[in-house]
Amino acid sequence: MPDPMVPPTPPVPLEALLARADLGLRRIAGPDDPGTVVHWAHASEMADPYPYLLGGELLLSAGVHIPEGAGAGYFDAYVSRIVAAGGTALGFGLAPVHDAVPGALVEACEMHGLPLLEVPPRTTFSGVARAVWQLMAQARLAELRRVTEAQQSLATAAARPDPVRPVLHQLAQRIEGWAVLFAPDTTELATSGTTPPPETRQALTTLTKVVRPPTATGSHTDAAAGSRAAGAARVGGGGPPARAKPRVGEAPGKRQHVTPTPTPTTASDTVNGTHLAAYALTPGHGYVLGVASPQRTPGDHTIASVAAALLTLLTGQQQSGTGAAHSSALVRLLLGSPPEDVAPLLGGERWRVVHAEPDGQATPDPVSAAALGAALGSALVDPTDEVVRILVPADRPVEPLPGWTLGVSTAAAPPDWPDADTQAARALARARATRAPLLRHGDRPALTDLVPPHDADAHARSLLAPIAAAPALTDTLRTWLSLHGSWDRTAVALSVHRNTVRQRIARCAALLEADLDDPDVRMELWFALRRT
């Protein structure tokens with residue numbers, strides 16, 4: 001069986017053969033269609049070549065089969081059989097049998113719409129066949145290069161921090177069309193490329209139901225719904241029926257009263273001249289990749305299949321022993337088990353909390369957050385509106401990632417996870433303010449460790465009591481001190497105007513009755529704020 005990832009040899013445009021000066025071919029009848037392509041060349045002197053043609057051939061003949069005195073009826077039958085067999089064009093060689101192309105043959109080719117080429121005496125049929133294979137080799141090399149470049153660009157896009165949209169963008173560019181990732185409920189999670197008309201868009205949405213796996217509770221009903229969806233995708237499109245490729249390697253089950261139709265992994269259709277295709281992702285979870293393009297070549301299918309494989313990895317949920325252990329840990333936490341007893345199920349007893357924020361104005365979505373967690377080696381991801389929080393085992397290094405700003409806590413046991421979460425949030429705020437890709441919370445012993453925690457907490461509450469009722473003042477003072485009194489960096493970290501920072505710090509100085517320019521005062525306040 002041929003490798004499905006290698007596109008077959010592409011056909012050769014008939015115009016490319018006519019453009020070869022060394023061949024000297026000349027079209028003398030038939031349509032002048034630039035879309036006419038040749039799949040191979042075949043020489044035959046049979047009066048009825050139909051049994052020997054597979055379709056797509058440039059049939060070459062010197063007219064040896066033409067009986068003396070043959071009339072229009074002979075040539076009409078001859079050309080009609082070539083057309084019925086799917087022949088692309090007829091090449092008629094001059095000399096040694098005929099000095100000119102018979103006029104009746106020209107008329108028959110014109111009537112049946114078969115391109116007729118005059119082959120000059122100096123051009124051999126083997127030379128024409130060799131030219132066809134040369135052009136095919138060139139086209140195959142160009143197609144393989146295009147597919148290879150597309151695979152590389154898709155792999156590069158998949159390595160980015162928000163990979164889904166870059167992958168769709170590269171796919172849409174390579175197929176010169178539109179790419180969309182559908183959620184299990186057919187919601188468009190992300191799109192890229194030129195958006196097709198509404199009816200084409202709806203047909204693609206309907207086509208996704210063909211490849212979406214049936215649910216465990218209603219497989220017969222869902223399979224029937226998929227069949228209806230395939231029919232609906234063909235209505236109004238004027239295209240061929242959707243051809244779906246069934247899954248490979250599925251073992252047949254025991255015979256039941258009703259046998260559900262196997263769910264295909266891919267399906268295609270044509271609507272208003274636009275080629276549509278749907279690819280099932282993450283079997284059992286319902287994500288589907290949809291593409292709409294003006295053409296549908298084997299290379300385009302290969303490129304879309306690579307994108308589908310990458311998106312499957314990005315959207316997939318691991319159903320492994322690790323995933324089962326994580327589910328077990330969650331259940332035990334909900335049922336009252338202490339975190340320290342559950343931590344071994346998660347993969348370690350000491351963890352770091354990472355707070356991550358995408359660069360620019362992007363808002364983290366669940367797919368990009370899952371991809372970020374995979375890059376950090378953890379499936380314990382909590383995406384929020386602005387920040388993604390990840391729980392990472394302490395033995396796994398956390399390095400800067402392009403497109404993200406990270407704040408990392410110290411390694412902490414489960415009882416100290418809330419403190420680690422606070423550390424990661426503060427580290428992220430400082431990283432954002434200093435425009436650093438990653439900042440870690442210091443894990444070496446501090447001076448506060450020399451004071452008993454109870455006494456340190458009591459002193460902090462007493463010292464900060466005047467501003468305790470105003471969280472905005474406390475947060476502003478903490479951030480301002482952590483950034484060495486920088487008004488601009490504090491404003492960036494808190495997303496407020498620098499004048500607001502000045503006003504709040506002045507208010508803190510007044511309420512605390514302290515000189516905030518005094519480094520001793522700043523140090524004491526910083527120690528106190530560390531306890532809150």
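I began with the largest nonpolar core, which has 30 residues, and Leu 171 and Leu 289 have the most contacts inside it. A nonpolar core here is a set of buried Ala, Val, Leu, Ile, Met, Phe, Trp, Tyr and Cys residues joined through side-chain atoms within 4.5 Å; buried means under 20% relative accessible area, with a 1.4 Å probe and protein chains only.

A note on the source: this is a predicted model, where local features need pLDDT of at least 70 and side-chain atom pairs count only at pLDDT 80 or more, while totals for chains, interfaces and linings use all residues. Residues are numbered from 1 along each chain as its sequence is written, and side-chain values use heavy atoms, leaving out hydrogens and water.

Which element gives the most to this core? I found that α8 does, with eight residues. Helices are DSSP runs of H or I of at least four residues, and strands are E runs of at least two, numbered from the N terminus.

Next I checked Leu 171: beyond its neighbours within four places in sequence, its contacts (heavy atoms within 4.5 Å) include Leu 154, Leu 289 and Ile 303. Another core, of 18 residues, lies apart and has Leu 53 and Tyr 78 among its members.

Then I turned to the open sheet, five strands in the order β2-β7-β6-β5-β4 with mixed pairing; strands pair if DSSP finds at least two bridges between them. β2 and β4 are at the edges with a single partner strand each, so one side of each has no neighbour in the sheet. β2 runs antiparallel to β7, joined by three bridges, and Ala 29 has Leu 116 as its bridge partner in β7.

Conventions. Buried < 20%, exposed > 50% of the residue type's maximum accessible area, 1.4 Å probe, protein only.
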